Each structure stands twice: as structure tokens, then as C-alpha cells.
Amino acid sequence: MTPFIGYGSESAERDAGAHHTILRFESLWRALGYARCEEQMSTRPAREFHGRDAELALIRAELERLSEGAEAVVVVEGAAGMGKSRLLAEVSTIARSLGIRVGSSAADPNETVVELAALLAALFDGDEPLLGRDGLATVQAHPEQRFWLLRDLQQLLERAALESPLLISIDDAHWADGGTAAAIRALPMRLMGLPIAWIIALRPPRESTPLVHALEQLKRNGAHTIVLGPLDDDAVVQLATDMLAARPDQSILEQLAEGDGNPFLVVETLLGLQEENRIRLVDGQAELIDKQLPRRVQVKMRERLGRLSDEASDAVTVAASLGRAFTFDELARTLGRPASDLLAPVGELLEANLLVERNERLAFWHDITREAVRTSVPVTARRALDRQAAGVLLEAGALPVEVAVQLAASAEPGDEVAIETLLDAAKVLVTTDPDTAAQFGQRALEIAPAHHPRRGEIVGTTAIALHIAGNSEEAMTFADRALRETLPALQEAEVRLSIAGMFAISPEIRISAGRLALNLPDLPASVRARHLACLFHNLVTAGRIEESRAVLDETRAAVASTDDARGWFTLRVAESALEYADDRFDLSVELITSAYRDGIFAGDDQRLRLAHMWHGELLSVADRYEEAFAIAADGLAAAQRDRQGWAYQMFETWHGRMLLRAGRLSEARAVLEGRFALEDGTHAAAVLDAAGIVALGRLAI
Ligand SMILES: Nc1ncnc2c1ncn2[C@@H]1O[C@H](COP(=O)(O)OP(=O)(O)OP(=O)(O)O)[C@@H](O)[C@H]1O
Ligand SMILES: [Mg+2]
């Protein structure tokens, strides 16, 4: 594999041919008695990989261990342009020569919130994908399905690794989405002992992200780290010799020294010099025509842009808003021009090596190129272009999460499409990447006008996201302020009802959400009944039994007078728990049995699953273990079928605790350890988890 896709092997061969011609001429000229031969040079990217001997030796040794059935994890850190991608390409070549199958991908800066984008690309893309797509039930990953996808992927990888050793290579991991970060944390550990090598490259992290935590954990478990520093002088000379097809003289080397051994800068400098026709071949040695001061690449890049035709310059400027890679059609639409008009400018950009063709799309030759193009335009203009590009991508069928980052940064107040898109993206991310979801929600709120009909939904989603992200106080303050300022009472009560029903957050917050809602004026009777029932249930589950008794009569009366199915259901589930607390066991079982039977029509799926489990729990307490285990199996299967991660985890924890009580210790250990080793970071710590961890602790004693 070569990163220089812009230079097809054919043109590289042509260049090499030209070079041989020059050499032949040279000997001819010499034979004719001419002292010097001067030719304009053509420069091309390095064909060989230079330097980095120690790094390659380490990686090779790790890869060779795969044949002994061992796993390997290597993390490659290096600044922009230090040669990470090139190293990874070299590693892939080595791996293939050792009979290792390779899957590789690079995380995309525009897909930082697209669930599992980088990992799925590594596993399923390419001519010979590591895994067959049909093996996976769905590759349309949704964050709430992360838990399942990781399990499915783990199984598929286990099977694939039994057939032949694998290398999974993920480049630019600093842009990896949350799902990929979670996978990097979990999968290498879970697949330990199988011949799978992971190589993960990233720019040195500036902040502590989930990915950084994941990598730290891998390192603690024996992953190797390679820090790519500057290329040494010998390697720079080799690299330049390779590109120039002649030895560089001192003047060139001095200029290259400006790049401080950063291969990107070395390569860019040589390409820039060639473009300015400032290198010539003299007696088989490449030298500079003049000794102008070396300019930095950024400046050079602006100059390169300046030398383009207006059309090409417009096209590349707009392209930088579309992302690292884009289609010809998207570019044409963003420019508002027929595709046929773009043939010439795009051709010019390909010729100038600013763009390359990659997987039937156009792409920037290098991220640094794209960054330089972006910084060459004033911020306000860039923002407008980003917004326009996001619109085109959405129209072309991009998912809200794919363009939300761009929209969050570029949309102006009142931008309807941006408001809708950010809200949709926030909803998708709320359980798996609540921080980002909250940011999107807050941004949507900023640009939504005061009486926008979706403000209520935006506030609710954002508050829930903040809760799940663990910023409970911030969430409450945010919700309180936003709710009071902006929403009619009914909408506010509905938002608070959804907060009050979230079992993944602490009961205290659920209780206070309910109390605040009940203080609202003029609530419709059915909403009030639901809130009361919900508050009662939250008080019981929080163990605040006396307080719960205090609201019981009022709740019963409210529910009875409205005859609301959801209200009844919630009330009965809670009453069952209260009777249990009062040691009226039979009544408790009776209540939960009828609640569960009627609850199917209550439209409260989360609580229904909870009731199902509670029913099973009561049966197990009555030593009716067979029925209880059947309920556990049922609940697990239903949660799996519906891809309800939180419910699956709840049932699994309960199942483990039941096994423990039934004295089935080794099975309990297997279930509970599996449950808590699974650090996919998707769920806020809940009461149920605490119970599971306690149970696991008892097993350890
Ligand atoms: N050891 C090497 N031998 C030959 N060429 C190299 C070597 N290392 C890097 N290069 C070349 O230098 C340029 C920059 O390298 P590369 O793209 O791998 O950097 P990077 O670390 O991946 O940068 P980024 O962080 O921006 O992704 C590329 O043209 C690459 O082919
Ligand atoms: Mg790279």
C-alpha cells in the first residue's frame, strides 16, 4: 500500500524512466566532453521506507509472535506529519509478508461522533475485508447498540483469528469516535490469547479523552508504545535521494534541515522546490538554483493556492469544508455548478497534488494540506462555507451525527436545519456519548429562537444527556433555568416526567424532577397522576419508605380518578415494592403479577422491564428458582432482541446475584465478572450496578 495515491505506480514508473533517461544523457554528454549536465529535476514521493529501524524491528518481533498464538498491541504516537501513516503502511506490508491478514482504517475528523466508524471501516472495508459483512446482523451502528455490536464483533473476530492471524490497524485515532475508543479499550483485552495484532496511531493527545484512558489501560496490560520522533539525518538524506532520484547537495540539505526531521515537511519542501523549479541536477547531484530563504509549509501552501486558477482555488477552498474526502458531485453541488464545469479545476488540483483520488472519492493529499487550506480563509467565510457544505452533505443523505460537529460550529441563530440536525444527533448520542450530546443540545438551544416549538425537547434531551454524563448538578441547574424561562407548564411537566423515569440516574434526581413538576400550576389531571405515581415509585426504590407513604393516598386518588393505564401500572409496581418492604410477601407478588400483566398496555417500556425483573426477584425469594431463572432468560433474550443495552445489563446483574444466592458460585462469578469487566463506558452507574459489584465482592471473599 502506498500513501501516495496521487502518484499511481504508473506515473512513478514514468518518473523513474525519465530519471534513467537523464542519467543516460549525462553519460553521453560526458562522453562528448561536456563537463556539466544541467537538467530541471522532477520530484516524486519516496518509494522506499527510510530509517525507523528500531521501531520496525520491535513491531516485526511483535507480529512474529502472532504465529505462536499470542496477541500484540502497539500504540504509535507522533506529531502531525511525523510519518505515522507511512509507518502503518509499512507495517501492513510486513504483516502480509508474514501471512497475517490486514484490516486498516483512519479515523476521520468529520466522523468523530459517528458510532464505531473507524473500527467498522478497519474490519469491513477494503478489497479483502477481515470480516464478511453478512456475519454482522446490522452494520448500521447506533450508539445504543454499541454493547451488542462489540459482542458481535468480538465473536466474529474470534472466529476469523482461528483461521489466520490478523492485524487491525487504526490510524488517526485522535479523531476516533466514542464507540471505536470503547472498542479499543475492550476488544484487545477480551480477545487476549488469540493471534490478533492491534496497531493504533495518533497525534500526541492534548487532553484526557476516553481514547487516552483506553490506551493507558492497554499500556498497563502490556501494549508497546512507539513515539515517533524526527527522522535522523541519514534517513532524511535517503528520503531526499529517493525523491530526487539523485543525491541532494549541501544547499538542499540545509533547506531540508528547516523541517527538523519531520518527514512531511521534508517531503513538502522538496515538492515546493520542485514546483518553483528551483532544483537542478548537476553532475549527478541535486542542488538548489538559488539560495532563497526556506519558507514554512503553511506559507508555501498559501502560495501554492495562489498559483492555482481562480476556479481551482475556489474548488479546493470549498472542498476543505466538505471534509477529508468527498465526492465529485458533493463538490459540484456545494459550488452550485454543474459537475462538467469542475473537470478542469479538479484536474488542476490533482495535478498540483493538493487532491488525490482515494476509494472512488476525492481526498486531500494530506491532512496538513487541508488544514492549511482551511486557515487560508478568514474564519467568518470558513464558517459560512462549512454551513453550506453541511447542507449539501445532509441532502446527499448524511446522518445527522455525521454533520453535527460542523453545524455546531457553523450555524447561525434561527437556522432551522441546524436546530433539527443537532437535536437529532443529540438524541442518537445521549446514552453513549452524553458529553457530546449535551454540547449539541446546548448549541441547538443557543440557535433556537425563544418560542421555538422544539425548545422543550431540546432542553429535555440536553438535561438527560448532562445527567448521564455525570454532571448532575449542572444538568439540574440547566434544566431548571431553561425549563422555567422557556416552556409552557405542560411541556415542562413532560420533560420532567422523562427525567423522573430514567432508571440509570440517581433516584434523588428523579424525585426532585417529580416534585418540581408537581408544583407547576394547572397540570392536566392525567399528567399529574402519572407524576405522582412516578414520584411514589421513585421514593420506594430510593428506600424513602415513610415519604412514599405520605404521598400514597393522594396518588391512589389521582390515578383512580383519571383511570390512566400508565398511572395504574406505575402505582402497582411501586405498591408491590412497598408491600414487600412491609413483609406482606403474598400481596407483593399478587400486585406485581397483575401489574406486569396489564403493564404491556401502559406504554412504559423501561418500567415494564423493571417490573419483569422485580417479578422474578420475588419468585426467587420464595425459592421458586426455576421460574425466576426462566424470567431471567426471558428478560435477557428480550433485551437482546430489542437491543436494549441497559436492560440487558440490569438482567445480567440480577441473574448473577440470583446464581450467587442459589449457591451456583462458579456460574455467578462468570456472569458477574463478565458483566463488570465489560468496560464499554456506555452506562452511568446505577443502583443495580452497585448491587452487582457488591455481589462480585462477596464472591471474592
Ligand atoms: N520513514 C519514511 N520514509 C519515507 N517517507 C516517509 C517516511 N515517513 C514519512 N514519510 C512521508 O512523509 C509524509 C508525511 O508522513 P505521514 O503522512 O505518514 O505523517 P503522519 O504522521 O501520518 O501525519 P498526520 O499526523 O498528519 O497524519 C508522507 O508523504 C510520507 O510518505
Ligand atoms: Mg497520518
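Trainee: How many bridges join β10 to strand β12?

Mentor: Two, and the strands run antiparallel. β12 covers residues 361–364. Strands here are DSSP runs of E, at least two residues, helices are H or I runs of at least four, and both are numbered from the N terminus. Strands pair if DSSP finds at least two bridges between them.

Trainee: Before we go on, what kind of model is this?

Mentor: This is a predicted model, where local features need pLDDT of at least 70 and side-chain atom pairs count only at pLDDT 80 or more, while totals for chains, interfaces and linings use all residues. Residues are numbered from 1 along each chain as its sequence is written, and side-chain values use heavy atoms, without hydrogens and water.

Trainee: Back to the sheet. What is the strand order?

Mentor: β10-β12-β11, an open sheet with antiparallel pairing. β10 (325–326) and β11 (355–358) are the edges, each with a single partner strand, so one side of each has no neighbour in the sheet.

Trainee: Which residue stands opposite L362 in β12?

Mentor: F326. Helix α14 (residues 343–351) packs on the sheet and touches β11 and β12. Touching means heavy atoms within 4.5 Å.

Trainee: New topic. At what angle do α12 and α13 pack?

Mentor: About 110°, with axes 10 Å apart. Axes are lines fitted to C-alpha atoms, for helices over the stretch in contact, and angles run from 0 to 180 degrees between N-to-C directions. α12 is residues 310–322 and α13 is residues 328–335.

Trainee: Which residues of α12 meet α13?

Mentor: D314, A315, V318, A319 and L322. Their partners in α13 are E330, L331, T334 and L335.

Technical notes: Chains lettered and ligands numbered in written order.
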